[in-house]
Amino acid sequence: MSGFSTLTALILVPVAGAVIVMLIPERRRELVRPLGVVLSLVPVPLAGGLFLAFERGEAGFQFVERSVWIERLGVGWHLGVDGISLLLVVLTTVLVPVALAASGAIEHRVRLFVAMNLLLEAGLIGVFLSLDLFLFFVFFEAILIPMAFIIGIWGSENRIYAAVKFFLYTALGSALMLAGIIALALIHREQLGDLSFSYLGMLDLDLGHSTQRWLFGAFVVAFAIKVPVFPLHTWLPDAHVEAPTAGSVLLAGVLLKLGTYGLLRFNLPLFPEATLDFVPLLATLAVVGVIYGAVVAIVQPDLKKLVAYSSVSHLGFIVLGTFALTSQSLEGSVVQMINHGLTTGALFLLVGMIYERRHTKLIADFGGLASSMPVFAGMFLFIAFASIGLPGLNGFVGEFLILVGSYPTLPVYTVLAATGVILAAVYLLWAYERVFTGEITDPANRQVSDLSIGETLVFVPLVALIIVLGVYPKVALDVIGPSTDAVLERVEATTGYEAPEPGGSDLVASGSGG
Amino acid sequence: MTGVSYLAVAPEIILTAGAVVVLMVDVFARPSSRVHGWLVSATYALVAIAIGFQWRRVDLDGPGVSFGGTLLLNHLSVTVRAILLVATVLGTAAAWRMLVGLRRRAAEGIALIMVATVGFMLMGASADLVMTFVALEVGSIALYVLAGIMRSSPAGDEAAMKYFLLGAFASAIFIYGGALVYAATGSTDVNEIAARLSGVHVTRPAVLLIGVGLIVVGLGFKVTAAPFHSWAPDVYQGAPSGVVGFMAAVAKIGGFAALINILTGGFERYSGAWGDGLALIAAASVTLGTLLAIQQSDVRRMLAYSGVAHAGFILTGLAAGLVGISGVMFYVATYSVMVVGAFAAVTAVSGQANTGSSFEEYRGLARRSPVVAAVLATLMIAMSGMPLTTGFIGKFQVFTSAWEGGYEWLVITGLLASVAAFFFYLRLVVVMYFRGDEGAETTLVVARSIRWVLVVAAGASVALGIFPGPLLDLLNGVGV
């Protein structure tokens with residue numbers, strides 16, 4: 001088996017990194033962050049290797065590793081990667097070093113900070129790779145601790161409130177999911193003879209319609225809080241605003257994707273009949289989220305809050321695409337998960353950098369910054385364009401696929417959601433105008449230094465990926481397509497549902513590619 | 001069948017002998033704490049060996065009874081002894097500084113700890129209601145005295161008095177229940193009761209029902225199940241913190257073992273009825289314990305109420321009957337280690353005396369003592385049931401059994417309570433890590449014996465949480 005134990009290594013390398021960092025003696029503290037960045041770079045080639053070795057056109061799980069973990073409880077150390085999870089793993093490994101490299105402002109308890117980020121990375125990768133529901137839950141829940149620490153120790157004034165709110169909110173969701181997982185495992189034993197949490201085994205279960213509905217409900221709450229789907233989003237602005245830059249980057253970049261990933265990985269394939277029942281509800285909430293998030297973002301006086309609410313809006317698109325249940329919409333959802341991770345991650349980095357310089361995030365305190373920090377302004381504009389979905393950049397591919405894919409099945413919802421694209425242009429470009437253009441009114445804004453070389457370098461991987469995915473999305477779509485199609489086929493095979501023929505998928509892919 | 005097997009009580013004999021030797025040596029010589037240390041270590045080592053022999057015997061010959069059918073020698077009773085021994089070793093180490101501080105009365109304290117363990121070990125082995133009562137009293141009375149052992153402290157006296165009065169009341173309820181069961185069935189031997197109940201029409205069902213109910217209430221007191229928990233916070237707060245962890249652990253281990261022995265041994269036939277009863281008590285315990293723990297401003301009281309909630313989780317597993325027993329024992333064993341460790345940490349921070357231990361005292365502890373803070377945080381996270389700790393594996397098992405037993409509502413209640421419980425467990429972590437960057441940087445000095453307990457408790461909670469396999473294998477035979 002090629003790639004044997006690469007997946008395990010992807011989880012264990014960051015853990016080992018965290019241990020190494022904690023062992024650095026106190027008097028060599030200046031070494032901590034550089035070493036942390038280096039350690040967090042180790043998984044990048046591992047994930048890159050996976051991406052290169054990944055068999056295109058193959059829908060199933062690859063590089064599968066399976067061994068027993070807790071035999072008595074039927075728990076397996078069962079890992080695998082498919083088109084849905086592969087790019088999310090790559091995204092995670094890229095964002096962590098970026099987040100650590102951009103955390104120069106963290107001056108106290110640096111060892112613990114780096115260790116917590118690395119543990120968070122291990123947990124996130126674990127969630128994406130788990131093919132055992134018990135294992136999945138362990139990682140899903142375990143990441144709460146490093147994230148709560150990151151917000152609670154290194155956040156701004158209201159950090160403790162935000163950390164506790166984040167923790168309790170998301171723990172509430174996963175508690176019900178645990179009940180669902182226990183129920184599924186017991187059904188597995190009843191139908192197939194052994195107590196097991198194997199994801200692949202769960203796919204073979206014969207679940208009645210009402211059982212599916214209950215279980216769908218148990219899972220969907222956990223994921224909807226994580227996404228977050230309106231009206232369960234209230235923890236998000238607090239967490240984002242209080243979190244340090246690295247925390248915001250990983251929270252928006254990867255953590256929120258656990259929700260959308262979970263919906264696509266578990267809710268759709270495991271409970272297809274219930275999925276069809278829930279489409280109207282979730283599509284409605286998704287569209288409300290798109291518009292609500294965008295409108296609230298427009299009126300935010302705080303730059304970081306603006307980006308936080310833009311996440312609510314963007315994630316609404318992903319949920320819409322997921323429940324539109326067409327080949328393109330599902331593909332678009334996964335692409336958009338990656339896109340959002342890159343662009344919003346970059347936006348949070350930018351907000352963090354300007355906060356370090358001016359110690360304010362209020363839009364009203366800025367103005368005319370383009371003249372004092374032109375590189376920064378250019379970077380912001382570029383990322384804003386990517387986030388808005390300017391053709392040629394990554395955001396366009398995802399949003400276009402979602403909208404084109406969703407229209408055949410959910411026309412009204414799609415039209416309403418499309419206004420979110422326009423609103424995104426409003427809040428981001430208006431923010432750009434107020435922050436960067438015009439005359440400098442506040443003298444403090446005259447003294448601000450532009451991006452240093454080091455800071456610019458931090459953006460290089462993100463900008464490169466934004467352009468690559470925008471110009472040549474085929475690299476991503478080839479990986480994603482077969483796996484999302486398999487999800488759709490499963491829904492079609494187990495219910496009477498028939499998805500509309502994928503008409504424009506190739507056209508879109510090659511169209512924006514060429 | 002009714003023979004006398006000394007192996008069946010070997011651990012108890014050794015412990016009693018150890019207690020006597022410690023007291024006698026104290027009378028004739030004036031031993032240093034080092035001598036006490038050696039005597040205690042030797043006694044515990046011998047007990048461990050005896051438990052090993054018992055396990056072997058059960059493996060070879062199967063379960064048996066001795067002393068006229070009053071004492072069981074089966075996997076469960078041996079496991080209970082092993083868990084009690086672990087709790088006692090850790091508890092003694094945690095209390096060591098306090099015991100040494102008693103100077104001339106150190107031997108008393110040591111002997112009381114040993115005698116309490118003897119009582120609860122017998123409770124776990126007892127198959128007769130009268131025997132259970134005697135064992136319960138042996139263990140409980142030793143604990144009452146331990147609660148007040150620091151004579152100088154009024155709070156300790158109050159705690160001891162309260163514990164004694166309410167505990168004696170609970171014992172009386174228990175024995176009254178035993179009397180009613182005897183009235184209904186004509187026996188106090190649980191196996192005999194089971195035999196008489198099978199197939200025969202019970203002439204006084206109400207008497208039997210009340211009798212079993214009172215037995216459950218009496219034992220519910222000992223394990224701090226709601227609504228019989230009201231003594232726990234005052235006692236945990238007032239008693240010397242060195243022994244509180246030990247008290248909390250051993251009383252729960254013995255109490256739950258007795259519940260299992262009596263309910264599944266004597267009344268398996270009516271498991272549906274007592275299962276529902278236990279489920280109600282469990283639901284009350286998890287909700288009340290959690291809600292009241294949230295409101296506490298004292299760490300010891302918080303831990304007391306969290307103990308109420310934990311009793312509820314354990315009962316959740318027990319409600320399902322026999323299927324849940326190995327999971328219940330896993331929970332009891334791992335909780336015991338956590339609670340002894342947590343009180344050892346409280347001792348390290350707040351001192352041996354009972355001056356109160358408000359959350360404020362833990363402010364910025366991560367700075368003052370990274371080790372104690374890390375251990376206490378680990379234990380709180382483990383108690384809250386986060387994955388990768390024994391707390392999660394324990395909760396997972398009791399929830400699975402309860403779901404299997406048809407108590408879905410109880411599982412949901414328990415899960416929601418677990419989320420609410422994050423609030424107070426996390427609060428301690430917040431105080432230790434998220435607050436208090438400024439302020440005094442005085443490093444906390446921690447006694448070596450306590451440091452040892454802390455590292456073992458936290459290490460075990462994580463190691464057995466990640467690799468619970470060996471412990472699960474060991475406990476698997478317990479339910480049969």
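This is a predicted model: local features need pLDDT of at least 70, side-chain atom pairs count only at pLDDT 80 or more; totals for chains, interfaces and linings use all residues.
**Chain B as a whole**

Let us start with the overall build of chain B. It holds 19 helices and two strands. Its C-alpha trace spans about 70 × 60 × 40 Å along the principal axes. How does its radius of gyration compare with that of a compact globule? For 480 residues, such a globule would have a value near 23 Å, and chain B has 21 Å, which agrees. Of the 480 residues in this chain, 62% count as buried. The contacts tell us about the fold too: among those in chain B that link residues at least 6 apart in sequence, 81% join residues at least 24 apart.

The table sets out how they pack.

| Helix pair | Residues | Crossing angle | Axis distance |
|---|---|---|---|
| α13(B) and α19(B) | 325–350 and 469–476 | about 130° | 9 Å |
| α15(A) and α21(A) | 327–358 and 474–494 | roughly 130° | within 9 Å |

Take the pair in chain B. On the α13(B) side, the contact is made by Ser326(B), Met329(B) and Phe330(B), while α19(B) brings Leu471(B), Leu472(B), Leu475(B) and Asn476(B). Sorted by class, this contact has five nonpolar residues, two polar ones and no charged ones.

In chain A, α15(A) and α21(A) are likewise oblique to each other, and α15(A) passes α21(A) in a right-handed crossing. Residues of α15(A) in this contact include Leu330(A), Val334(A) and Ile338(A), and among those they meet in α21(A) are Leu477(A), Ile480(A) and Leu488(A). By class, the contact has nine nonpolar, three polar and two charged residues.

**Where the chains touch**

Finally, we come to the two chains together. How many residues of chain A are in contact with chain B? There are 27, and they touch 26 residues of chain B. On the chain A side, the elements giving two or more residues are α6 (133–142), α7 (144–154) and α8 (159–192). Which of them gives the largest share? That is α8(A), with 15 residues. As for the kinds of residue on this side of chain A, 21 are nonpolar, two are polar and four are charged.

Key:
Residues are numbered from 1 along each chain as its sequence is written. Chains are lettered from A and ligands numbered from 1 in the order in which they are written. Two residues are in contact if their C-beta atoms, placed from the backbone, lie within 7 Å. Helices (H or I, at least four residues) and strands (E, at least two) are DSSP runs, numbered from the N terminus. Ala, Val, Leu, Ile, Met, Phe, Trp, Tyr, Cys and Pro count as nonpolar, Asp, Glu, Lys and Arg as charged, and the others, Gly among them, as polar. Axes are lines fitted to C-alpha atoms, for helices over the stretch in contact, and angles run from 0 to 180 degrees between N-to-C directions. Angles under 35 degrees count as roughly parallel, over 145 as roughly antiparallel, 65 to 115 as roughly perpendicular and the rest as oblique. A crossing is left-handed if the near helix is turned anticlockwise from the far one by less than a right angle, and right-handed if clockwise. The radius of gyration is taken over C-alpha atoms; the globule rule is 2.2 Å times the number of residues to the power 0.38. A residue is buried if 20 or more other C-beta atoms lie within 10 Å of its own, exposed if 12 or fewer, and partly exposed in between; C-beta atoms are placed from the backbone.
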